[in-house]
There are 2 protein chains.
Amino acid sequence: MQRYFIEANQIDVATQSLTLTGDDVHHIKNVMRLEVEGIILCCDGVGTDYRVMIEQISGKEIRCRILESFSSTGEPERVEVTIAFSLPKGDKVDWVLQKGTELGASAFLPFTSARTVVKLDEKKAGKRRDRWQRIVKEAAEQSRRGRIPTVHSLMNWRQCLAQFSSYDQILFAYERGGKALYQLLTGRKARSILVIVGPEGGFTEDEATEVVSEGAELLHLGPRILRAETAPLAAIACIHYTYGELGGEPL
Amino acid sequence: MQRYFIEANQIDVATQSLTLTGDDVHHIKNVMRLEVEGIILCCDGVGTDYRVMIEQISGKEIRCRILESFSSTGEPERVEVTIAFSLPKGDKVDWVLQKGTELGASAFLPFTSARTVVKLDEKKAGKRRDRWQRIVKEAAEQSRRGRIPTVHSLMNWRQCLAQFSSYDQILFAYERGGKALYQLLTGRKARSILVIVGPEGGFTEDEATEVVSEGAELLHLGPRILRAETAPLAAIACIHYTYGELGGEPL
């Protein structure tokens, strides 16, 4: 069943109704071809889902009656994982955002490091971010997330490091050293984890030394080389698996 | 450093040399632009890597001197995971093959089920398989695998089920039921695991009932919906993580 994110101000609790606007109207009318009495799911992005019935379709809005509301089940409860990625080339970013969202990422932090090949000026970065936010929103709808992950503005190396204090644990994926993911997670109860992955060329030794001095731990993802877009997905899947967010109780 | 898979008959142990032929010659000469004295890595696909120096480049072959040989480190040692996937649309298959190889899959088993949308006649299936094998070979080279995963010919539902007896454990990803991955793996020491994922439309209840009667266990990958191409990658990453193949000791 199709699912739409809405803002709190679109909900009228008194009349138990809600109103959809903008792109969603087009999608419901022309893509899903739903009509009056059609049923859809809406999510307020802060933990509540609504099952609603379409009552009235006009040019610019669709009014629905709320049939029932219930807690969103798509959000990780025990740990929040942010994926920081040094910009890889081409559409790999799209994959990371889409699959990272399916796998429960709470936020994405694109940044540049010594070996980042992609150059984005401020204007391009702004446009790219709009596009990234659309990708994340759509993935959040499809994967039944309870909220839309945040996509931070593109940061440079220094700005990325300045984020460290916001996290209980920082894992820096480094091909030439580091501990296994299991060793880094075992016995730790982090409420927030920042996973940092490099561009195609990886990170330099200086960068690894610097992040360790700032409180990060070096993470080694095994004997096989994972591509820039694969590493963050493997990491977040295993972290959530360990915290029992991929179904089941925590390990 | 570029890495090439070779056959045993390309190696001359007596003279400690090996010969590269075919597409690899073109790649070395024209893509990597290596010359005499250039160093490359070769892998025999059955556990040994060779560090070699180019001695002679001709039109159709390149002869190299073996400098040293050592065990391939890129293969999982404790468990072999095969990914069986009901054909998804478009290039999602490429993604599953490439990233599945990076994550250590030992084989891929494409099949069709009730809700598979993609139709491939025998001729198309043959061509597609050739392409898939090239993708897997390239991914195995890049990710430093010790062997190239097998890509089985396209199977139908019945043929897929007939494979079950070859595996210690069969995990059937099913959205509407099943246990968490951790519950299915804990305390079990499987040498071979078959992970089965559905097409975009998922599996039917009849299919789920049938595989259980044939010895499979239903796997539920958590509260978020994972796309057809994401599910197998999350599963194999977590399985190898559990078996200590993603770096570190087994859980």
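Reader: Which residue of chain A comes closest to the rotation axis?

Author: Cys238(A) does, with its C-alpha at 2.6 Å from the axis. Bear in mind that this is a predicted model.

Reader: What rotation superposes chain A on chain B?

Author: A rotation of 180°, with a shift of 0.1 Å along the axis, and the RMSD is 0.1 Å. The two copies are therefore related as by a two-fold rotation axis.

Reader: Which residues line the cavity?

Author: From chain A, the lining has Lys99(A), Leu103(A), Thr230(A), Leu233(A) and Ala234(A). From chain B, it has Trp95(B), Lys99(B), Leu103(B), Thr230(B), Leu233(B), Ala234(B) and Ala237(B).

Reader: Which elements give two or more residues to that lining?

Author: In chain A, helix H7 (231-242); in chain B, helix H2 (92-102) and helix H7 (231-242). The largest share, three residues, comes from H7(B).

Reader: How does the lining divide into nonpolar, polar and charged?

Author: Eight residues are nonpolar, two are polar and two are charged.

Reader: Now the packing. Which members of the largest nonpolar core touch the most others?

Author: That core has 84 residues, and the ones touching the most other members are Phe85(A), Ile193(A), Ile239(A), Phe85(B), Phe108(B), Ile193(B) and Ile239(B).

Reader: Take Ile239(A). What does it touch, leaving out residues up to four places away in sequence?

Author: Ile239(A) touches Val81(A), Leu171(A), Leu181(A), Leu185(A), Ile193(A) and Val195(A). There is also a second, separate core of 19 residues, which includes Ala84(A), Trp157(A), Ile170(A) and Phe203(A).

Reader: How far is Val151(B) from Leu97(B)?

Author: They are 54 residues apart in sequence and 8.8 Å apart in space, C-alpha to C-alpha.

Reader: Backbone next. What is the phi of Glu37(A)?

Author: Phi of Glu37(A) is positive, about 85°, although the residue is not a glycine. Glu37(A) sits in the loop between helix H1 (23-31) and strand E4 (39-43) of chain A. With 59% relative accessibility, Glu37(A) counts as exposed.

Reader: And Arg144(B), where is that?

Author: Arg144(B) is in the loop between helix H3 (122-142) and E9 of chain B. Its phi is near 65°, again a positive value in a residue other than glycine. Arg144(B) counts as partly exposed, at 39% relative accessibility.

Reader: Last one. How many helices and strands in chain A?

Author: Seven helices and 12 strands. The C-alpha trace of chain A spans about 60 × 45 × 30 Å along its principal axes. Chain A has 251 residues, and 53% of them count as buried. Among its contacts with a separation of 6 or more, 72% join residues 24 or more positions apart.

Conventions:
Residues are numbered from 1 along each chain as its sequence is written. Chains are lettered from A and ligands numbered from 1 in the order in which they are written. This is a predicted model: local features need pLDDT of at least 70, side-chain atom pairs count only at pLDDT 80 or more; totals for chains, interfaces and linings use all residues. Side-chain values use heavy atoms; hydrogens and water are left out. On a 1 Å grid over the protein atoms alone, a cavity is a set of points where a 1.4 Å probe fits but cannot get out, and a pocket is an open set with protein on both sides within 12 Å along at least five of seven lines; lining residues have an atom within 4 Å of a point. Helices (H or I, at least four residues) and strands (E, at least two) are DSSP runs, numbered from the N terminus. Ala, Val, Leu, Ile, Met, Phe, Trp, Tyr, Cys and Pro count as nonpolar, Asp, Glu, Lys and Arg as charged, and the others, Gly among them, as polar. A nonpolar core is a set of buried Ala, Val, Leu, Ile, Met, Phe, Trp, Tyr and Cys residues joined through side-chain atoms within 4.5 Å. Buried means under 20% relative accessible area, exposed over 50%, partly exposed in between (1.4 Å probe, protein chains only). Contact means heavy atoms within 4.5 Å. Copies are superposed by least squares on the C-alpha atoms of residues with pLDDT of at least 70 in both.
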